[in-house]
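Thanks for coming, everyone. Let's take a quick look at one model together.

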Amino acid sequence: MKIVKEAIAGTLESSDVLVKVAPSDGTLEVVVTSEVEHQFGAQIRAVVDETLIRLGISEGIVLVEDKGALDCTLRARVQTAVLRGGAVKTLDWSAL
Amino acid sequence: MNDEFEFYAVDPAQEPSEQAEIKAFLAKNGLSYEDGIEVFVVGRQGRRLIACGGLEQNIVKCVATDPLFRGESLSLTIVNEVIHLAYERGHSHLFLYTRPNNIAFFAGCGFYPIVEVPGMVSVMENTPIGIRRYCDGLKKLRQPGARIGSCVINANPFTRGHLYLIEQAAAASDWLHLFVVAEDASFFPYRDRYQLIKAGVAGIERLTLHPGSEYMVSRATFSSYFFKEKNVVGDCFTAVDLLIFREWIAPALGITHRFVGTEPFCPTTNKYNRDMKYWLQADLSAAAPVNVVEIERTAQDARAISASEVRRLLRTGDFDRIAKLVPPTTYELLSSKYRMRADGASAGAAA
Amino acid sequence: MTTSTKLRRSMLFLPGSNAAMLSTAFVFKPDSIMFDLEDAVSLREKDSARLLVFHALKLRNYRDMETVVRINPLSTPFGLLDLEAAVRAGVDVVRLPKTDTAEDVHALEREVERIERECGRDVGSTKLMAAIESASGVINAVAIATASPRLIGIALAGFDYVMDMQTERGDGTELFYARCAVLHAARYAKIDAFDVVFSDVNDDEGFLKEVELIKRLGFNGKSLINPRQIEQLHNAFAPTQEEVDYSRRVVAAAELGERQGLGVVSLNGKMIDAPVIQHARVVLQRAQASGVRR
């Protein structure tokens, strides 16, 4: 799956996360900003990376504004943003 | 819970009663309505207007929430809705201007500071890697030297006057970085202006031509209300524009000097040049000063060459006089593409 | 047709698009928790909510609570994808909105079975609930309620129904016939009956009055939109001490009768038949779940 256009998913509400994706020149750049960067920054990063790998995303720009989201919320929002920004719309449920 | 609130988008031009209500609401919250806003997100509790946020292209403006509800997630929700609306309208890279004491709130909305005019206004963008990445790209174009010069031109269109300025600037520098203003509010669209500049400077060595970027602030969408009735040196727009140049662009390229032409016919530009000396040279920023060098324009028939003069002649179709004011490359485009354009409508500032 | 042994007094609606609410849902203790992908979710957020709910379900954080997902109608671009997400994530019950005919149930059933096979879920494990939201639905309630062995209940949805009836929500008169019809269909099909949402979250008195009414009519439970209503509802459904004492005696008599191999059960010289015993068990079940009425 490839990110072909800019897309956004999620909200700025507490316990949620805002994920923005955009196409890139071939590299994959993931930037995570979180109020709880110190305690959970690495974990958030790991969940995002894992979600992207499972979706087969190897290039793009992924910006994650975390507002205290649980892992399940992170996964859902990242997947939604990627799907919205992707060329292919059919879901492979096993990749989620 | 936010279930009791309703959010929807409204075009103020199409809904005068909504617009009036928004104006009153903003005034109550100490903000001025801005006419350029294309769409508002409005939040209501029942019939009561409790929040709003506006968009002018990719600039977020006029965000306000009823004091009774501040502290709830209402403020976050209204900004969230504005961001989503902006995406729907094709704008993913957003800017906003706000008073410095609101920086923390907007930081919580995913906005990152670019510059601050001390105590007056802060400019922010909705990505942590916006201007940083842009400048990382610029750093790759650094050139060695003690005198690294710069010019920023709109060139509407590119004239002999511009060429002279650039030649002088290049001669006085170890390297010259030439920036083109990207905004399409000029009579000549960006693509044409850029091509004319590129063709016009083709023979000059030790010069890098930089296409415009979103970080050369747009006058058209700037929020001027921050500076009303305040004693700030120069135009607020100027301040922001120049601080971005001084604090981000100049350091990335190692720029030490900025060259501008004098503009006898244009009071706006004269003022701008004075303000430029202030914001680029005064001891008001942690960033190193950039020396401003004014270069007198060339004269043709005892009159300084200016782009506005060329546009005026274009309106009257006086191509003989135009030929004296512009390089051959510019003349070619004007006579082929713009000969029949008699309306002369030109929205941009000179040069 | 199932003989309900599961308590379904309270079904808490949660908007599927609200990450914060989904994160904290397990704190509340309704009998059923319903993730709404339909009316609570804006068009823009349909895809986003679907994945939020998908992942929330997969967490399996809900202990004894029965999970329900209200999908969009299958006639919309969203319904089928909602169903895929819900079934694959292991939801207990799928709630079909705007059920007008038995065929609506059959169509849903076919898709559910297909998905179960595709994802390896036990065929038949996904239960269904039909929501009646129109005059047609009320008219066809019996056919709907008997349309599938997967159906565990039939719900009346007040807002859309009264609009279809060209009236508005009021003191309950406007729902009278629909409530009775839905109840009768449920009883005939031996499934549960659920009443409408009471939307004024600040009107405790009105809420309790309505709960009293529908409990008296015989509804098994009610849809809720505010967690505060859960305890109020459970308390209203809770039996009094006298009812509990009596029910204990009934159940004891039934068990004694069974041990003694008698065909007939009697208490205080009177014959008690199966429905009475069944009701007594439900009373004790409710008492066990939330005590005696305060």
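In what order do the strands of the open sheet in chain A run? Keep in mind that this is a predicted model. The order is β1-β2-β4-β3. That is 4 strands, and the pairing is mixed.

Now the edges. β1 (7–10) and β3 of chain A each have a single partner strand, so one side of each is left without a neighbour in the sheet. How are neighbouring strands turned against each other? On average by 10 degrees, direction ignored.

β2(A) and β4(A) pair in the antiparallel sense. Take A:K20: its bridge partner in β4(A) is A:L63.

Next, the two chains. In chain A, 13 residues are in contact with 14 residues of chain B. Which elements of chain A give two or more residues to that side? They are β2 (17–22), β3 (28–34) and β4 (60–66). β2(A) gives the most, with 3 residues. By class, this side of chain A has 6 nonpolar, 3 polar and 4 charged residues.

Last stop: two helices of chain B. The axes of α7 (residues 236–253) and α8 (residues 267–281) come within 9 Å. They cross at roughly 45 degrees. The crossing is right-handed.

Who makes the contact? From α7(B), the residues include B:L242 and B:R246. From α8(B), they include B:D275 and B:W279. The classes here are 7 nonpolar, 1 polar and 2 charged residues.

Technical notes: Residues numbered from 1 in each chain as written. Chains lettered and ligands numbered in written order. Predicted model: local features only at pLDDT ≥ 70, side-chain atom pairs only at ≥ 80, totals over all residues. Contact = placed C-beta atoms within 7 Å. Nonpolar A, V, L, I, M, F, W, Y, C, P; charged D, E, K, R; others polar. Pairing = 2+ DSSP bridges. Axes fitted to C-alpha atoms, helices over the stretch in contact; angles between N-to-C directions. Left-handed = near helix turned anticlockwise from the far one by under 90°.
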